[in-house]
Amino acid sequence: MTDQTTHDAIEKVVTSNDIVLFMKGTPTFPQCGFSSVVVQVLDYLGVEYVSTNVLEDAGVREGIKAYSQWPTIPQLYVKGEFVGGCDIVKEMFESGELRDFFLEKGVEVEAA
């Protein structure tokens, strides 16, 4: 894929899904500890999300970093907005801010 094609594909996924996680591996088999932590947080909160395994496509792996201007993976997007990586998601979760953020964005959360 060309850079523009990759950018357009990433943008389509990000804008057409409520929650998108770009990660190493899959939710059932994360292939890095940071991706695993974010999956655990999302699963705990009971939110529905789409994931993209960046290890399957080097263009997407590099393209998502350019798209967000963020150098690391995983990356979490909610309603088209970049939230952050593992450390930010974990901090937001621990403070209760992530749950509130989801609710503000109109995303149903199962965890109390």
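**Cysteines**

Author: The sulfur of Cys32 lies 7.7 Å from the closest cysteine sulfur, that of Cys86, which is too far for a bond. The model is a predicted one.

Reader: To how many disulfides does the count come?

Author: A disulfide requires a pair of cysteine sulfur atoms within 2.5 Å. Because the sulfur of Cys32 is 7.7 Å from its closest cysteine sulfur, in Cys86, that distance is too far for a bond. Cys86 is likewise in no disulfide, its nearest cysteine sulfur being that of Cys32. The count is therefore zero disulfides.

Reader: Is Cys86 buried or exposed?

Author: A residue counts as buried when its relative accessible area is under 20%. Cys86 has a relative accessible area of 9%, and Cys32 has 18% relative accessibility and counts as buried. Cys86 is therefore also classed as buried.

**Nonpolar cores**

Reader: Which element supplies the largest share of the largest nonpolar core?

Author: This core has 21 residues, and Ile19, Leu21, Leu42, Val47, Leu76, Val78 and Phe102 touch the most other members. At least two residues each come from strand E1 (19-23), helix H2 (33-45), strand E5 (75-78), helix H4 (86-95) and helix H5 (97-104). The largest share is five residues, and the element that supplies it is H2.

Reader: Which residues does Phe102 touch, not counting residues up to four places away in sequence?

Author: Phe102 belongs to the group of residues in the largest nonpolar core that touch the most other members. When residues up to four places away in sequence are not counted, the residues touched by Phe102 are Ile19, Leu42, Leu45, Val47, Val78, Val107 and Val109.

Reader: How many residues does the other core have?

Author: The other core lies apart from the largest one. Its members include Val20, Phe22, Val60 and Ile73. The size of this other core is nine residues.

**The largest pocket**

Reader: What volume does the largest pocket have?

Author: The pocket is lined by Asp18, Ile19, Gly46, Val47, Glu48, Val107, Glu108, Val109 and Glu110. By class, this lining has four nonpolar, one polar and four charged residues. The volume of the largest pocket is about 170 Å³.

Reader: With which residues is Gly46 in contact, leaving aside its neighbours within four places in sequence?

Author: Gly46 is placed in the loop between H2 and E4. Its C-alpha is 13 Å from that of Asp18, a residue 28 places away in sequence; both residues line the largest pocket. Leaving aside neighbours within four places in sequence, the residues in contact with Gly46 are Glu108 and Glu110.

**Loops and backbone**

Reader: Is Gln69 buried or exposed?

Author: Gln69 is also located in the loop between H3 and E5. Its phi is positive, at about 55°, although Gln69 is not a glycine. Because its relative accessibility is 73%, Gln69 counts as exposed.

Reader: Where is Lys79 found?

Author: Lys79 has a positive phi of about 50° although it is not a glycine. With 38% relative accessibility, Lys79 counts as partly exposed. The position of Lys79 is the loop between E5 and strand E6 (81-84).

Reader: Which residues does Trp70 touch, not counting residues up to four places away in sequence?

Author: Trp70 is found in the loop between H3 and E5, and at 29% relative accessibility it counts as partly exposed. Trp70 and Gly85 are 15 residues apart in sequence, with their C-alpha atoms 8.5 Å apart. Not counting residues up to four places away in sequence, Trp70 touches Lys65, Gln75, Phe82, Gly85 and Ile88.

**A strand residue**

Reader: What distance separates the C-alpha atoms of Ser51 and Leu21?

Author: Ser51 lies in strand E4 (residues 50-53) and counts as partly exposed at 27% relative accessibility. Apart from neighbours within four places in sequence, Ser51 is in contact with Leu21, Met23 and Pro27. Ser51 and Leu21 are 30 residues apart along the chain, and their C-alpha atoms are separated by 4.6 Å.

Notes
Residues are numbered from 1 along each chain as its sequence is written. This is a predicted model: local features need pLDDT of at least 70, side-chain atom pairs count only at pLDDT 80 or more; totals for chains, interfaces and linings use all residues. Side-chain values use heavy atoms; hydrogens and water are left out. On a 1 Å grid over the protein atoms alone, a cavity is a set of points where a 1.4 Å probe fits but cannot get out, and a pocket is an open set with protein on both sides within 12 Å along at least five of seven lines; lining residues have an atom within 4 Å of a point. Grid points are joined across faces, edges and corners, and a volume is the space filled by probe spheres set on the points. Ala, Val, Leu, Ile, Met, Phe, Trp, Tyr, Cys and Pro count as nonpolar, Asp, Glu, Lys and Arg as charged, and the others, Gly among them, as polar. A nonpolar core is a set of buried Ala, Val, Leu, Ile, Met, Phe, Trp, Tyr and Cys residues joined through side-chain atoms within 4.5 Å. Buried means under 20% relative accessible area, exposed over 50%, partly exposed in between (1.4 Å probe, protein chains only). Helices (H or I, at least four residues) and strands (E, at least two) are DSSP runs, numbered from the N terminus. Contact means heavy atoms within 4.5 Å.
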